[in-house]
Amino acid sequence: MIERIEYLEQLAAFKDKKVIKIITGVRRCGKSTLLEMFQTYLLGKGVDEEQIIAINFEDYDFEDLTEPKKLYSYVKTHMVTNKQNYIFFDEIQHVKDFQRVVDSLYIMKNTDIYITGSNAHMLSGELATLLSGRYVEIAMLPLSFKEYVSATGENSNLAVKYKEYLEYSSFPYAIELQENQKALNDYLRGIYSTIVLKDIIDRHKVVDAMMLESVLRFVFDNIGSQLSTKKIADTLTSNGRKVDAKTIEKYLSAFMESYVVYEAKRYNIKGKQYLKTLEKYYAVDIGLRTMLLGKRGFDAGHMLENIIYLELLRRGYDVYIGKVGELEVDFVAMNRDGLVYYQVAASVRDENTLKRELKSLQAINDFYPKFILSLDEDPEADYNGIRRINALDWLMQ
């Protein structure tokens, strides 16, 4: 098991707090393993095994418990009195009306509830209404570059590790399959098929599976590029795959619900306004993208941009594409402490490229931190307050 220390620390911080802990993320990113690790942590803290009730709804042994009344009865039967009960529901979206079960258990005095799900839809609608103010979301992603390095050998050259990280996958179990490219591709194909077939086609009653895949291929092929539903629809239609913008919008929402694609909206830095058009999209895993597209269209700058975007999410930022006049800032990262601006490029050793990257940041008239991240293995530099640093060093911080 690869220890996901930051996620474990988040769970530990909320232990015995009267909020439901909801862990979300794409399939196979490590949610189930995280629950197992946390149960081990509890046992190490003196919690008795009888105080832990753990159910994985993808395990056929618990098939009957996807019926809400049976689930509620099962949990109540297995609870201990006069002690805290730690209740773990893994992939709870398989339970119809699970919100009512969770709410009923939540209002009991001796329960501490942890649930996972692979679809953002579970956090919308009735759940949000019924459990409003009663839950905290822990958004989980596959392995960060730092976690990958830690799991595969910290003494290796970072540039070599980064090449591996892109070439193989950031899904935790993929590390076991790196020596067998066919097995790795089969594993990633299995994840992809489960997400597309189980989470999207079945749930959204998609009739044209080939069109759905065409849209995902297009998005994966254009990570880091400004897109609109109309642009995607027009491009696919001109290539002989007639589709309208409404269908594209539906498919994009489904991809984001299943955490296979992430959206970065635009933000007007000078006007401090959120913009509604020309978003950018990023893949949850570059290995998954390579499995689907092959190595065509491999743009080192956009790949790095994808990695940086996901890392900013891991670090707790809301991330936007910045607009300053006619210029663009790759990322505006926001949290309660303020903003941080980032330009991302594979290399800025070319003088014209460096000037271009600096120009956008120089146009911002505030005093928040500004960075240029690149793969250049050069000493850090400072351009009147704009810091240029090595992206891999930044990822390892």
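Tutor: What follows starts with the core, moves to the protein as a whole, and ends with a few local details.

The model is a predicted one. Its largest nonpolar core holds 95 residues. Those with the most contacts inside this core are Phe255, Val260, Ile308, Leu312, Phe331 and Tyr342.

Setting aside neighbours within four places in sequence, Tyr342 is in contact with Leu312, Val329, Asp330, Phe331, Ala333, Phe371, Leu373 and Trp394. Two of these partners, Leu312 and Phe331, are themselves listed with the most contacts inside the core. Apart from this core there is a second, separate one of 25 residues, which includes Ile55, Phe62, Met108 and Leu123. In soluble globular proteins, nonpolar side chains tend to be buried together.

Now the whole protein. Its secondary structure comprises 15 helices and 13 strands. The radius of gyration is 22 Å, close to the 21 Å that the globule rule gives for 397 residues, so the protein is as compact as a globular protein of that length. Along the principal axes, the C-alpha atoms fill a box of roughly 70 × 50 × 50 Å. Of the 397 residues, 51% are buried. Among contacts with a separation of 6 or more, 68% are between residues 24 or more positions apart. The accessible surface comes to about 19,000 Å², and carbon and sulfur atoms account for 48% of that surface.

In α6, residues 145-152, the buried residues are Phe145, Glu147, Tyr148 and Val149. The buried residues of α6 pack against α1 (5-14), α7 (158-167) and α15 (391-395). After α6 comes Gly153, with a positive phi near 125 degrees.

Two residues other than glycine also have positive phi. Most residues other than glycine have a negative phi. Asp16 has a phi near 65 degrees and lies in the loop between α1 and β1 (20-24). Arg28 has a phi of about 65 degrees and lies in the loop between β1 and α2 (31-44). Asp16 is partly exposed, with a relative accessible area of 37%, and Arg28 is partly exposed at 40%.

Key. Residues are numbered from 1 along each chain as its sequence is written. This is a predicted model: local features need pLDDT of at least 70, side-chain atom pairs count only at pLDDT 80 or more; totals for chains, interfaces and linings use all residues. Side-chain values use heavy atoms; hydrogens and water are left out. A nonpolar core is a set of buried Ala, Val, Leu, Ile, Met, Phe, Trp, Tyr and Cys residues joined through side-chain atoms within 4.5 Å. Buried means under 20% relative accessible area, exposed over 50%, partly exposed in between (1.4 Å probe, protein chains only). Contact means heavy atoms within 4.5 Å. Helices (H or I, at least four residues) and strands (E, at least two) are DSSP runs, numbered from the N terminus. The radius of gyration is taken over C-alpha atoms; the globule rule is 2.2 Å times the number of residues to the power 0.38. Accessible areas come from the Shrake-Rupley method with a 1.4 Å probe; for residues, only the protein chains shown count as cover.
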